[in-house]
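Here are a few notes to read alongside the model, written for someone meeting it for the first time. Please keep the structure open as you go through the points.

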Amino acid sequence: MAMLKTAGVEKTFRTRAAPLHVLKGIDLEVSQGEVICIIGPSGSGKSTFLRLINNLEKLDNGKIWIEDNLLFDCRDGVNAVKMPGQERARALLEVGMVFQRFNLFPHKTTLENVMLSPMHVKKLNEEEAREKAEMLLTRVGLGDKFDTFPAMLSGGQQQRVAIARALAMEPKIMLFDEPTSALDPELVGEVLAVMKNLVESGMTMLVVTHEMGFAHEAADRVLFMDSGVILEEGKPEAIFTAPHNERTKQFLQSVL
């Protein structure tokens, strides 16, 4: 069973100057437990692709399945899949997302940030939510920061709280949108360590990243995107040591 599948995904942003065709037909199938890293230059459509999967942007054309359930079948922005909003929302809860920015509530402690969604969305009682939050914060190495507010944490620690918050909803698929890009270089490793732990646990993951070492080490497959299309995909060893596409070669020469 495919955990995630897209077919012909397209997205255009309307700007004053001219329409910006960001995605030009993305086909992708992700198996259970598979880790896929998406690399490519800024502006290639990588982040937009993740946001479309999680319904944070409106799909123009194409289809998206989550666990073989067709949620979106769009043509010119109109979704042909008719289902109750609550049913679609429940299906999308299977997808967790971690952003470049941490988006934590500054007036709530780390524990409260992680407890919030399970209590309000999944209707866990406070005791259950607290137990889950404590377990997840301990898992990401923040067992001593339960009562700390985000402003008192480093960027790496805040991103680890954001990962724990996403995991609190018990997703089956995790999307990471350049989760280390806003961090100081010395803080990147602690976030990548948590992500590697998720890889080892068998989590299905789709990761947009500029961390080539992580992609090489952790990915089952690497996709190279540019100008709204997937130009090349394959095993990390093949992509990083013997890419076929000339644009892939140019990109890797510039970043490695």
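1. Let's begin with K132: is this residue buried or exposed? K132 counts as buried because its relative accessibility is 18%, where buried means under 20% relative accessible area, exposed over 50%, and partly exposed in between (1.4 Å probe, protein chains only). K132 is found in helix α4, residues 126-139. Leaving aside residues up to four places away in sequence, K132 touches L124, A168 and E170, a contact being heavy atoms within 4.5 Å.

2. A word on the source. This is a predicted model, in which local features need pLDDT of at least 70 and side-chain atom pairs count only at pLDDT 80 or more, while totals for chains, interfaces and linings use all residues. Residues are numbered from 1 along each chain as its sequence is written, and side-chain values use heavy atoms, with hydrogens and water left out. Helices (H or I, at least four residues) and strands (E, at least two) are DSSP runs, numbered from the N terminus.

3. Next, how α4 meets its neighbour. The axes of helix α3 (residues 110-120) and α4 come within 8 Å and cross at roughly 125°. That makes α3 oblique to α4, because angles under 35 degrees count as roughly parallel, over 145 as roughly antiparallel, 65 to 115 as roughly perpendicular and the rest as oblique. On the α3 side, the contact is made by T110, L111, V114, M115 and M119; α4 brings E126, A129, R130, A133, E134 and L137. Axes here are lines fitted to C-alpha atoms, for helices over the stretch in contact, and angles run from 0 to 180 degrees between N-to-C directions.

4. Now the open sheet. Six strands form it, in the order β7-β8-β9-β3-β10-β11, with mixed pairing; two strands pair if DSSP finds at least two bridges between them. The edge strands are β7 and β11 (229-234), each pairing on one side only. From one strand to the next, the twist averages 20°. Within the sheet, β8 (residues 173-177) and β9 (residues 204-208) run parallel and are joined by five bridges, and F176 stands opposite V207 in β9.

5. Which helices pack on this sheet? Helix α6 (residues 188-201) does, touching β3 (35-39), β8 and β9, and its direction makes about 145° with that of β9. Helix α9 (residues 246-255) also packs on the sheet, where it touches β3, β10 (221-226) and β11; its direction makes about 100° with that of β10.

6. M97 is worth a look. M97 lies in strand β7, residues 95-98, and is buried, with a relative accessible area of 10%. Beyond residues up to four places away in sequence, M97 touches L50, R51, N54, L56, A166, L175 and D177. M97 and P171 are 74 residues apart in sequence, yet 9.1 Å apart in space, C-alpha to C-alpha.

7. Another set of strands deserves a visit. Strand β1 (residues 2-13) pairs with β4 (residues 61-66) in the antiparallel sense over five bridges, with K5 opposite W65 in β4. Strand β4 is also joined to β5 (residues 69-75) by five bridges, again antiparallel, and I66 has N69 in β5 as its bridge partner. β4 and β5 form a hairpin with two residues between them, and E67 in the turn has a positive phi of about 50°.
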